[in-house]
Amino acid sequence: MANPPHGGELKDLIARDAPKHKELAAEAESLPAVYLTERQLCDLELIISGGFSPLEGFMNEKDYNGVVAENRLSDGNLFSMPITLDVSQAQIDELGVKAGARITLRDFRDDRNLAIITVDDVYKPDKTKEAKEVFGGDGDHPAVKYLYETAQEFYVGGKLDAINRLEHYDYVALRYTPAEMRLHFDKLGWQKIVAFQTRNPMHRAHRELTVRAARARQANVLIHPVVGLTKPGDIDHFTRVRVYQALLPRYPNGMAVLGLLPLAMRMGGPREAIWHAIIRKNFGATHFIVGRDHAGPGKNKKGEEFYGPYDAQYAVEKYKNELGIEVVPFQMMTYLPDSDEYRPKDEVPAGVRTLDISGTELRNRLRTGREIPEWFSYPEVVRVLRESHPPRSAQGFTVFLTGYQNSGKDAIARALHVTLNQQGGRSVSLLLGETVRAELSSELGFSRADRTRNIGRIAFVASELTRSGAAVIAAPIAPFEDARQHAKELVEKYGDFYLVHVATSLEHAEKTDKRGIYAKARAGEIKGFTGVDDPYETPAKASLTVDIEKTSVRSAVHQIVLMLESEGLLDRL
Ligand SMILES: Nc1ncnc2c1ncn2[C@@H]1O[C@H](COP(=O)(O)OS(=O)(=O)O)[C@@H](OP(=O)(O)O)[C@H]1O
């Protein structure tokens with residue numbers, strides 16, 4: 001038998017009785033509807049399936065206050081994370097959200113009605129208190145930021161009548177609900193199950209840690225990674241799930257299973273550890289591993305940790321008598337090269353050599369294609385990671401040239417295009433100002449707003465091409481710093497961005513203008529022309545500055561090539 005759920009009863013809120021389901025589905029169509037955000041959808045999915053048992057809906061004010069102040073629901077059950085449905089004043093007014101009302105909760109991805117909430121109360125939370133009590137109050141904490149910057153100002157509490165499951169199209173077979181997970185354990189005949197939470201790829205250290213925990217408790221292992229929302233910048237869950245699948249055969253046959261958890265993490269350290277334990281209890285696990293800095297958000301802007309490394313372990317220890325799932329605390333695992341084994345840090349004898357590779361170091365090695373040693377990970381895991389993190393020579397990038405009309409930026413862009421095509425290995429896209437103006441921005445003029453929109457479009461295309469491994473050369477005038485900065489940020493989500501300022505003087509650009517465009521602008525035939533009667537903001541920080549009066553096109557291209565080469569982007573495999 002799997003572990004009894006939290007609160008004694010596993011909630012399963014989907015109406016399965018056909019007439020009831022039909023009735024609710026028809027009612028949902030007739031009610032005002034709230035479109036849930038990604039985070040609310042994650043929460044809803046786990047309320048509906050019983051992952052958050054004993055919750056039967058979003059928290060009302062009484063439950064919320066109890067959870068914030070003392071980790072307790074109004075019925076006395078331990079619960080450490082506020083699960084709230086936030087709405088704005090405008091939504092309240094528009095949808096008539098008030099006590100007693102029934103409101104449809106809808107999936108924004110496919111317009112499906114998922115549930116009906118019967119509103120218990122609408123209340124204004126004390127966000128300062130929530131931030132402090134639940135997350136520690138630091139303004140840099142991602143959940144605190146979310147609370148102030150994203151969450152709306154009111155919360156709606158109430159129980160749910162669930163109508164439909166959320167649709168998923170990825171790894172469907174691995175997405176067990178708590179009831180399905182329990183059935184699976186039952187089928188396997190597992191009595192003791194130690195669950196492992198993760199939002200990162202797993203390597204040898206994690207395999208050793210979970211096997212040690214299983215050995216210590218004579219248990220089997222549930223690898224239970226989060227595939228809902230994790231920390232921005234984490235490796236995407238598609239890659240991670242392929243990693244877990246690659247790792248699974250490294251466990252002794254039949255020892256471990258993989259199940260995916262659609263949780264929206266808050267990175268709430270101690271509070272989150274208690275919550276994670278309760279969730280795993282609902283999935284039927286009897287044991288739960290809490291390691292070093294469990295669900296920690298890293299460091300704040302001052303470089304300080306938000307929580308102590310073992311705060312999460314102390315928190316679960318405090319509630320151990322009522323948690324109903326045994327927490328297995330672990331120190332960080334470290335590699336002992338002399339004996340070729342992993343051990344928890346506190347079990348390493350003094351003077352013995354140890355080796356570690358941090359997450360940052362791993363990401364660097366992936367980025368640069370440097371070796372990842374076999375003592376750290378398994379070749380099949382590294383292969384999966386490398387597929388998602390191609391070496392520099394296969395990564396996309398954008399070279400963004402900016403400068404006055406006729407500054408030479410177009411000539412450099414064309415010559416660079418040819419040069420990179422000659423090099424081969426990548427597709428190369430050229431986005432000249434005139435091409436973009438004709439193909440993408442034909443309805444735009446040259447007001448500040450229109451120019452910003454034009455650069456925004458170039459940035460969007462450049463970032464998508466960069467994402468798929470192309471070399472992108474863009475050469476608009478781009479006279480405004482904020483638009484260039486926006487382009488940089490968009491592209492850098494997927495690859496390198498190089499701003500090349502073609503700093504040829506206006507005088508030279510005008511003097512050498514064979515097309516007579518500046519003459520037209522001076523004559524007032526073109527209005528708001530950059531440099532004539534419209535500003536050009538000099539880039540505050542360019543990757544490279546060239547001036548065509550002093551440098552030939554060939555030499556400018558060579559400087560760009562040398563810059564790309566020094567970053568490893570032109571390496572041959
Ligand atoms: N008012 C005004 N100001 C600047 N440029 C003007 C203007 N009106 C038209 N043109 C012609 O449009 C081309 C520059 O467009 P860009 O897309 O590069 O400009 S921006 O980056 O959106 O500011 C560029 O065309 P090409 O010379 O063919 O490159 C300009 O000559």
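Visitor: So helices are DSSP runs of H or I with at least four residues, strands are DSSP runs of E with at least two, and both are numbered from the N terminus. With that in hand, where does Pro54 lie?

Guide: Pro54 sits in the loop between helix 2 (38-49) and strand 2 (57-58). Keep in mind that this is a predicted model.

Visitor: What kind of peptide bond joins Ser53 and Pro54?

Guide: A cis one, with an omega of about 10°. For background, most peptide bonds are trans.

Visitor: Good to know! What is the average pLDDT of the protein chain?

Guide: The average is 96, and 100% of the residues score at least 70. The model also has an ipTM of 0.93 and a pTM of 0.86.

Visitor: Which residues does the "ATP-sulfurylase PUA-like" domain cover?

Guide: According to the UniProt annotation, an unreviewed entry, that domain covers residues 4-165. Over this stretch the chain is 37% helix and 22% strand, with the end C-alpha atoms 23 Å apart.

Visitor: And where does UniProt place "Sulphate adenylyltransferase catalytic"?

Guide: The unreviewed entry places that domain at residues 174-387. Here the chain is 38% helix and 14% strand, and the end C-alpha atoms are 22 Å apart.

Visitor: Let's talk helix packing. At what angle do helix 3 and helix 5 cross?

Guide: Helix 3 (residues 61-70) and helix 5 (residues 127-135) cross at roughly 50°, and their axes come within 8 Å. The two helices are therefore oblique to each other.

Visitor: Which residues make that contact?

Guide: Tyr64, Val68 and Ala69 come from helix 3, while Lys129, Glu130, Glu133 and Val134 come from helix 5. By class, the contact of helix 3 with helix 5 has 4 nonpolar residues, no polar ones and 3 charged ones.

Visitor: How about helix 9 and helix 14: at what angle do they cross?

Guide: Helix 9 (residues 237-247) and helix 14 (residues 379-388) cross at roughly 165°, with axes that come within 8 Å. Angles over 145 degrees count as roughly antiparallel, so helix 9 and helix 14 are roughly antiparallel to each other.

Visitor: Is that crossing left-handed or right-handed?

Guide: The crossing of helix 9 and helix 14 is right-handed. Helix 9 brings Thr239, Arg242, Val243, Ala246 and Leu247 to the contact, and helix 14 brings Glu380, Val381, Val384, Leu385, Glu387 and Ser388. Sorted by class, that gives 6 nonpolar, 2 polar and 3 charged residues.

Visitor: One more pair! How far apart are the axes of helix 17 and helix 18?

Guide: The axes of helix 17 (residues 448-467) and helix 18 (residues 481-491) are 8 Å apart, and the helices pack at an angle of about 15°. Helix 17 and helix 18 are therefore roughly parallel to each other, and their crossing is right-handed.

Visitor: Which residues meet there?

Guide: From helix 17 they include Ile455, Gly456, Ala459 and Phe460, and from helix 18 they include His486, Ala487 and Leu490. The residues of this contact divide into 8 nonpolar, 5 polar and 2 charged.

How values were computed:
Residues are numbered from 1 along each chain as its sequence is written. This is a predicted model: local features need pLDDT of at least 70, side-chain atom pairs count only at pLDDT 80 or more; totals for chains, interfaces and linings use all residues. Side-chain values use heavy atoms; hydrogens and water are left out. Axes are lines fitted to C-alpha atoms, for helices over the stretch in contact, and angles run from 0 to 180 degrees between N-to-C directions. Angles under 35 degrees count as roughly parallel, over 145 as roughly antiparallel, 65 to 115 as roughly perpendicular and the rest as oblique. A crossing is left-handed if the near helix is turned anticlockwise from the far one by less than a right angle, and right-handed if clockwise. Contact means heavy atoms within 4.5 Å. Ala, Val, Leu, Ile, Met, Phe, Trp, Tyr, Cys and Pro count as nonpolar, Asp, Glu, Lys and Arg as charged, and the others, Gly among them, as polar. pLDDT is the predictor's confidence in each residue, from 0 to 100. UniProt positions are given in the numbering used here, feature names are shortened, and annotations may be inferred rather than shown by experiment.
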